Amino acid sequence: MKFTMAHTSLAVENLDRSMAFYEAALGLKFKSRKELPHLTLIYMVDAEDSGYELELTLRKGHSGAYNLGDNPVHLSFYVDDYADALQHHQTMGCVERVVEPAGIHFITDPDGYSIEIMPKG
């Protein structure tokens with residue numbers, strides 16, 4: 001039996017805002033949209049369409065921010081030019097924290113989700 005990763009789903013407050021953020025911050029691109037009675041699902045992929053997707057989930061009828069609580073869950077992305085990525089995210093104003101000893105930084109999306117950025121290799 002072999003399992004492969006499919007996607008990560010994040011509940012978002014505004015699809016357009018979240019799609020714009022993930023495109024600007026991480027270069028993700030729209031792949032598909034699925035309308036269900038209680039949900040709208042948007043699938044975004046990286047430039048290589050590596051097979052792993054980010055699923056942005058809009059719960060119809062929900063209003064306001066989601067309570068993320070003390071949830072330590074985060075996304076993580078490799079980047080080929082770390083210094084350029086850090087500068088880009090600082091310009092966007094979305095840097096949550098820089099962990100210099102580890103050589104990584106975290107950004108925050110419009111819904112408060114944390115995203116770890118690491119140099120590739």
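The largest pocket of this predicted model holds about 780 Å³ of space. A pocket is here an open set of points, on a 1 Å grid over the protein atoms alone, with protein on both sides within 12 Å along at least five of seven lines, and a lining residue has an atom within 4 Å of a point; the volume is the space filled by probe spheres set on the points, which are joined across faces, edges and corners. There are 28 lining residues, and Leu 26, Asp 46, Phe 77, Tyr 78 and Val 79 are the closest to the centre of the pocket. Two or more lining residues come from each of α1 (15-26), β3 (39-45), β4 (53-59), β5 (74-79), α2 (82-92) and β8 (114-119), where helices (H or I, at least four residues) and strands (E, at least two) are DSSP runs numbered from the N terminus. Strand β5 gives the largest share, with five residues. By class, the lining has 15 nonpolar, six polar and seven charged residues; Ala, Val, Leu, Ile, Met, Phe, Trp, Tyr, Cys and Pro count as nonpolar, Asp, Glu, Lys and Arg as charged, and the others, Gly among them, as polar.

Residues are numbered from 1 along each chain as its sequence is written. Because the model is predicted, local features need pLDDT of at least 70 and side-chain atom pairs count only at pLDDT 80 or more, while totals for chains, interfaces and linings use all residues, and side-chain values use heavy atoms, with hydrogens and water left out. The mean pLDDT (the predictor's confidence in each residue, from 0 to 100) is 92 for the chain, and 98% of the residues reach 70 or more.

Strand β4 contains both Glu 53 and Thr 57. Thr 57 counts as buried because its relative accessibility is 4%, buried being under 20% relative accessible area, exposed over 50% and partly exposed in between, with a 1.4 Å probe and protein chains only. Glu 53 is also buried, at 16%.

| Side chain | Partner side chain | Distance |
|---|---|---|
| Thr 57 | Glu 55 | 3.3 Å |
| Glu 53 | Lys 31 | 3.3 Å |
| Thr 108 | Glu 96 | 2.8 Å |

Leaving aside neighbours within four places in sequence, Glu 53 is in contact (heavy atoms within 4.5 Å) with Ala 6, His 7, Thr 8, Lys 31, Tyr 43, Met 44 and Val 45. Ala 6 lies in the segment before β1 (7-11) and is partly exposed, at 46%. Although 46 residues separate Ala 6 from Tyr 52 in sequence, their C-alpha atoms are 5.3 Å apart.

Thr 108 belongs to strand β7 (residues 104-108) and is partly exposed, with a relative accessible area of 26%. Its contacts beyond four places in sequence are Phe 21, Cys 94, Glu 96 and Tyr 113.

In the loop between β3 and β4 is Asp 49, which has a positive phi of about 45° although it is not a glycine; Asp 49 is partly exposed, at 38%.

Methods: 1 Å grid on protein atoms, 1.4 Å probe; cavity = no way out; pocket = protein on both sides within 12 Å on 5 of 7 lines; lining within 4 Å. Polar contact = N/O pair within 3.5 Å; in protein donor to acceptor, adjacent residues only side chain to side chain.
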